[in-house]
Every structure is written in structure tokens, then in C-alpha cells.
Amino acid sequence: MKLTDHRPQTETEAIMYLEDDVRQLKKRIIELEVILDDTKIFLKTIGTLKPLVVDNCKKLIKKIENAGI
């Protein structure tokens, strides 16, 4: 994302550049909100899976111990 980086020559040009910058920033905010939502879902999924993984590891360790390995 590239915001306006030069000085406008007129007030109208300045307004035009600011409006464009605002549009770009709003678009970026929406993109970041989507990333945040995806991250929340991912973390929730990991939180749900972690107990299952730990439980399966404990069962595997128990089987190995019982096998005398």
C-alpha cells in the first residue's frame, strides 16, 4: 500500500489525494480484520485440538511402556 508521498499543488488535488488515501486505508483495515478473524478461528481450532493430541500422546506412551520398549 502506497499512500500519497508528494505535495499537492491545489486544495482540490490535496482533497483528492486524501480521499484516495482514506479509501486505501479502509481497504487495508478490512483486509486486516479478515486476517484477525482467520487467526482467531485458527487459535480456537488449536485450542480444541491440543487436548486431543496430548491425550493421544499419553495413550501412545502407555502402549509403549506396556510393550516393554
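I began with Arg28 and Glu31, which are three residues apart in helix α1 and therefore separated by about one helical turn. For helices I used DSSP runs of H or I with at least four residues, for strands runs of E with at least two, numbered from the N terminus.

I noted that the model is predicted: local features need pLDDT of at least 70, side-chain atom pairs count only at pLDDT 80 or more, and totals for chains, interfaces and linings use all residues. Residues are numbered from 1 along each chain as its sequence is written, and side-chain values use heavy atoms, with hydrogens and water left out.

**Salt bridges**

I took a salt bridge to be a side-chain nitrogen of Lys or Arg within 4 Å of a carboxyl oxygen of Asp or Glu. By this rule I count three salt bridges.

Arg28 and Glu31 form one of them, at 3.1 Å from N to O. I then looked up exposure (buried under 20% relative accessible area, exposed over 50%, partly exposed in between; 1.4 Å probe, protein chains only). Arg28 is partly exposed at 33%, and Glu31 is partly exposed at 34%.

Asp20 and Arg23 are joined by a salt bridge of 3.9 Å, N to O. Both residues belong to helix α1 and stand three residues apart, about one turn. I recorded Asp20 as partly exposed, at 30% relative accessibility.

Asp55 and Lys59 meet in a salt bridge at 3.4 Å, N to O. They lie four residues apart in helix α1, about one turn of the helix. Asp55 is partly exposed at 35%, and Lys59 is partly exposed at 46%.

**Overall form**

I found one helix and zero strands in the protein chain. The radius of gyration is 26 Å, well over the 11 Å that the globule rule gives for 69 residues, so the chain is more spread out than a compact globule. This radius is taken over C-alpha atoms, and the rule is 2.2 Å times the number of residues to the power 0.38. Along its principal axes the C-alpha trace spans about 85 × 20 × 5 Å. Buried residues make up 1% of the 69 residues.

**A nonpolar patch**

Phe42, Leu43 and Ile46 make a nonpolar surface patch of about 310 Å². Patch residues have over 30% relative accessible area and no salt bridge; like charges are joined within 9 Å, nonpolar side chains (Val, Leu, Ile, Met, Phe, Trp, Tyr) within 5 Å. I located Leu43 in helix α1, residues 11-67. Leu43 is exposed, with a relative accessible area of 53%.

Key
Areas by Shrake-Rupley, 256 points an atom, 1.4 Å probe, with all protein chains shown as cover.
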